[in-house]
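Take a look at the chain below. This report walks through its parts, one at a time.

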Amino acid sequence: MSIRPPHRRDGHPGFRVIRPYLPNRRFRVVLHRAADKDLMFVARVVMELTHFGTAEAEFRMWEAYHRGRSLVVVTHLERAELFVEQFADRGLPATIEPE
């Protein structure tokens, strides 16, 4: 007598592993210090684009101000490019880095 369920007696596990052609790569969106911009403007833009709360947006703003750069999000390439483009439209420098 077999201990396998009746629908799996052939030894097949019942599922198939599908591997994507390219691995899902993640990219960091890094906000850089904007010397000529008001700090609260930077925080408002971060809140607007990322939907972070006030505290999180202010943390990113202060980190960029004091350290020169702040990691905003880690996401896939297309969304990272969108974030960088939206930051640039508002006059804030941002870059994409592979994770």
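Proline 93 has a relative accessible area of 31%, so it counts as partly exposed. This is a predicted model. Proline 93 sits in the loop that links α3 (77-89) to β3 (94-98).

What does proline 93 touch, once its neighbours within four places in sequence are left aside? The contacts are Val30, Leu31, His32, Arg33 and Ala34. Another distance places proline 93 in the fold: its C-alpha atom is 9.6 Å from that of arginine 69. Along the chain, these two residues are 24 apart.

## The overall plan

The chain has 99 residues, and buried residues make up 28% of them. Its secondary structure comes to 3 helices and 3 strands. Read from the N terminus, the elements run β-α-α-β-α-β.

How far apart in sequence are the residues that meet? Take the contacts between residues at least 6 apart in sequence. Of these, 69% join residues at least 24 apart.

## Where α1 meets α2

Two packed helices are described by the angle between their axes and the distance between the axes. Helix α1 covers residues 39-50, and helix α2 covers residues 54-67. Their axes come within 8 Å and cross at roughly 130°. The two helices are therefore oblique to each other. The crossing of α1 past α2 is right-handed.

Which residues make this contact? From α1 come Leu39, Met40, Val42, Ala43, Val46 and Met47. From α2 come Thr54, Ala57, Glu58, Arg60, Met61, Trp62 and Tyr65. Sorted by class, the contact of α1 with α2 has 10 nonpolar, 1 polar and 2 charged residues.

## Where α1 meets α3

Helix α1 has a contact with α3 as well. The axes of α1 and α3 come within 11 Å and cross at roughly 145°. This crossing is right-handed.

On the α1 side, the contact uses Val45, Val46, Leu49 and Thr50. On the α3 side, it uses Phe83, Gln86 and Phe87. The classes here are 5 nonpolar, 2 polar and no charged residues.

Val46 is listed in the contact of α1 with α2, and Val46 is also listed in the contact of α1 with α3.

## The loop between α1 and α2

Histidine 51 lies in the loop between α1 and α2. Is histidine 51 buried or exposed? Its relative accessible area is 70%, so histidine 51 is exposed. Now check the backbone. Most residues other than glycine have a negative phi. Phi of histidine 51 is near 65°, a positive value in a residue other than glycine.

Glycine 53 is found in the loop between α1 and α2 too. Its relative accessibility is 41%, so glycine 53 counts as partly exposed. Glycine 53 and alanine 43 are 10 residues apart in sequence. In space, their C-alpha atoms are 9.8 Å apart.

Threonine 54 lies in helix α2. With 45% relative accessibility, threonine 54 counts as partly exposed.

How many aromatic pairs does the whole structure hold? A search finds 1. A pair of aromatic rings is described by the distance of the centres and the angle of the planes. The partners are tryptophan 62 and tyrosine 65. Their ring centres are 5.7 Å apart, with 85° between the planes. That makes the pair edge-to-face.

Tryptophan 62 and tyrosine 65 are 3 residues apart in helix α2, so about one helical turn separates them. Tryptophan 62 is partly exposed, because its relative accessibility is 39%. Tyrosine 65 is partly exposed, because its relative accessibility is 40%.

Threonine 75 lies in strand β2, which covers residues 69-75. Its relative accessibility is 3%, so threonine 75 counts as buried.

Which residues does threonine 75 touch, not counting those up to four places away in sequence? They are Arg25, Arg26, Phe27 and Ala80. Take phenylalanine 27 from that list. Threonine 75 and phenylalanine 27 are 48 residues apart in sequence, yet their C-alpha atoms are 5.4 Å apart in space.

Conventions. Residues numbered from 1 in each chain as written. Predicted model: local features only at pLDDT ≥ 70, side-chain atom pairs only at ≥ 80, totals over all residues. Heavy atoms only, no water. Axes fitted to C-alpha atoms, helices over the stretch in contact; angles between N-to-C directions. Helix = DSSP H or I, 4+ residues; strand = E, 2+ residues; numbered from the N terminus. Parallel < 35°, antiparallel > 145°, perpendicular 65-115°, else oblique. Left-handed = near helix turned anticlockwise from the far one by under 90°. Contact = heavy atoms within 4.5 Å. Nonpolar A, V, L, I, M, F, W, Y, C, P; charged D, E, K, R; others polar. Phe/Tyr/Trp six-rings, centres within 6.5 Å; stacked < 30°, edge-to-face > 60°. Buried < 20%, exposed > 50% of the residue type's maximum accessible area, 1.4 Å probe, protein only.
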